[in-house]
Amino acid sequence: MITLNSPLKPNLKRLNHYLEMINDNGWYTNFGPLHDELTVRLEEDLGVKNLLLVSNGAAALQVAGRALGSKSIISTPFSFIATISAFEWQKDTVSFADIDRNSYNLSPSKVNKAFQQGCQADTIVATHVYGNPCDVGAFERVAKANKSKIIYDAAQAFGVKINNKSVLSYGDASILSFHATKIFHTGEGGAIVFKNADNFEKAKEIINFGIKKGMGIQRVGLNAKMSEYHAAVGLVNLDEIDKVLEHRANLFHAYRQGLKDVVEMPVWHPEANYNGAYMPIKLESNEQLLKVSQMLAENDIQSRAYFRPSLDDFFTDNENYGSTNSHQLSGEVLCLPMHYHMLTHDMNFIVEKIKMALK
């Protein structure tokens with residue numbers, strides 16, 4: 001079986017070393033020493049400041065929104081459901097605009113058009129879909145013109161840079177997911193990178209029940225801190241991340257070379273690197289997608305239509321300024337196996353079977 005994903009397995013010897021440290025310290029959560037060590041190392045590795053570790057990626061979106069004072073967002077219908085449900089859960093107003101047909105990311109021009117049509121959103125929430133960066137320059141102009149903030153859902157964009165600058169550096173905040181299925185993981189976990197240190201400090205209180213160290217309760221909050229156990233997994237996995245990223249990027253490049261004249265693929269940001277988070281292909285129709293996925297299944301190869309459904313089909317009561325492209329792609333995009341344990345031989349076999357299915 002060639003699986004769609006295969007989580008990175010922490011080195012147990014090194015992990016046990018950290019677990020013994022936790023027992024010796026008797027410090028299991030509440031911003032412990034391993035939490036702080038992982039924070040520093042991630043900031044160094046990613047080239048960012050104001051990085052706050054949290055319990056998961058969905059909480060990262062919620063806390064980022066509250067720290068920025070967001071109450072109403074406009075976002076993409078072509079993303080994982082957490083991008084929207086995080087804000088719906090806390091009763092924010094959510095509206096949709098369509099995606100760019102080529103990059104599959106939220107379209108800045110369609111967001112701007114939504115504002116011209118009366119959208120009152122105070123925050124744009126855009127996903128770097130499959131790790132492919134949004135048009136961050138265009139979004140900055142749209143946000144400035146409409147006095148809105150920007151949160152980037154960078155759950156799939158770990159290790160991605162634009163012109164050697166971390167993609168996490170753009171917008172008012174970017175969030176990461178460290179779920180076990182991600183390139184880098186802590187089992188469960190996530191992070192928020194804030195542009196502004198004041199928002200970072202506010203968010204740090206929010207994830208600690210609204211309590212500021214030495215000053216007591218400052219605001220309404222929740223518990224979204226990362227534990228020492230999760231930080232330990234992160235520290236072990238971070239030791240491997242360079243070779244993980246290199247292997248996945250090489251597989252991604254080879255896939256695209258093998259399929260470039262066979263199927264459509266998202267147009268990648270011209271100044272960004274690959275991180276190999278996912279391997280999406282677009283078929284000509286849903287019928288063709290089913291034909292390819294059946295061929296793969298018959299050869300013990302997993303695949304997934306991702307993202308389906310277009311999220312406006314689930315959140316039907318929300319204001320929708322257009323979702324034509326999202327609807328088309330949700331029925332025609334298929335994600336192929338991609339993970340650190342996958343071999344080039346596996347990738348070549350998959351490419352061969354796709355070509356056979358489309359003959």
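Which side chain meets Arg 41 in a salt bridge? That would be Asp 239, with 3.0 Å from N to O. A salt bridge here is a side-chain nitrogen of Lys or Arg within 4 Å of a carboxyl oxygen of Asp or Glu. The pair links distant parts of the chain, 198 residues apart: Asp 239 sits in the loop between H8 and H9, and Arg 41 in helix H2 (residues 33-46).

Some ground rules before going on. This is a predicted model, where local features need pLDDT of at least 70 and side-chain atom pairs count only at pLDDT 80 or more, while totals for chains, interfaces and linings use all residues. Residues are numbered from 1 along each chain as its sequence is written, and side-chain values use heavy atoms, with hydrogens and water left out. Helices (H or I, at least four residues) and strands (E, at least two) are DSSP runs, numbered from the N terminus.

**Salt bridges**

The count comes to 9 salt bridges, including these:

| Pair | N to O distance |
|---|---|
| Arg 14 and Glu 240 | 2.5 Å |
| Asp 239 and Arg 41 | 3.0 Å |
| Arg 101 and Glu 264 | 2.7 Å |

Arg 101 is in the loop between strand E3 (93-96) and helix H5 (108-116), and Glu 264 in the loop between H9 and strand E12 (279-282), so this bridge ties together parts 163 residues apart in sequence. Arg 101 is partly exposed at 23% relative accessible area, and Glu 264 is partly exposed at 30%. For these labels, buried means under 20% relative accessible area, exposed over 50%, and partly exposed in between (1.4 Å probe, protein chains only).

Back around Asp 239, there is a network of salt bridges linking Arg 14, Arg 41, Asp 239, Glu 240 and Lys 243. Asp 239 is partly exposed at 39%, as is Arg 14 at 29%.

**A buried Glu without a partner**

Glu 228 lies in helix H8 (residues 228-238). It is buried yet has no salt bridge, and Lys 225, the nearest side chain of opposite charge, is 11 Å away. Charge here means Lys and Arg as positive and Asp and Glu as negative, with His and the chain ends not counted. A polar atom of the Glu 228 side chain does lie 2.9 Å from the backbone nitrogen of Leu 34. Leaving aside neighbours within four places in sequence, Glu 228 is in contact (heavy atoms within 4.5 Å) with several residues, among them Ile 22, Trp 27, Tyr 28 and His 35.

**Loops worth a look**

Pro 77 is found in the loop between E2 and H4 and is buried at 0% relative accessible area. Beyond its neighbours within four places in sequence, Pro 77 has contacts that include Phe 96, Ile 99, Pro 309 and Ser 326. Leu 106 is 29 residues from Pro 77 in sequence and 8.3 Å away in space, C-alpha to C-alpha. Pro 309 belongs to the loop between helix H10 (286-298) and strand E13 (319-320).

Two residues other than glycine have positive phi: Lys 91, near 65°, and Tyr 104, about 75°. Lys 91 is in the loop between H4 and E3 and is exposed at 73%. Tyr 104 is in the loop between E3 and H5 and is buried at 0%.

Terms used. Polar contact = N/O pair within 3.5 Å; in protein donor to acceptor, adjacent residues only side chain to side chain.
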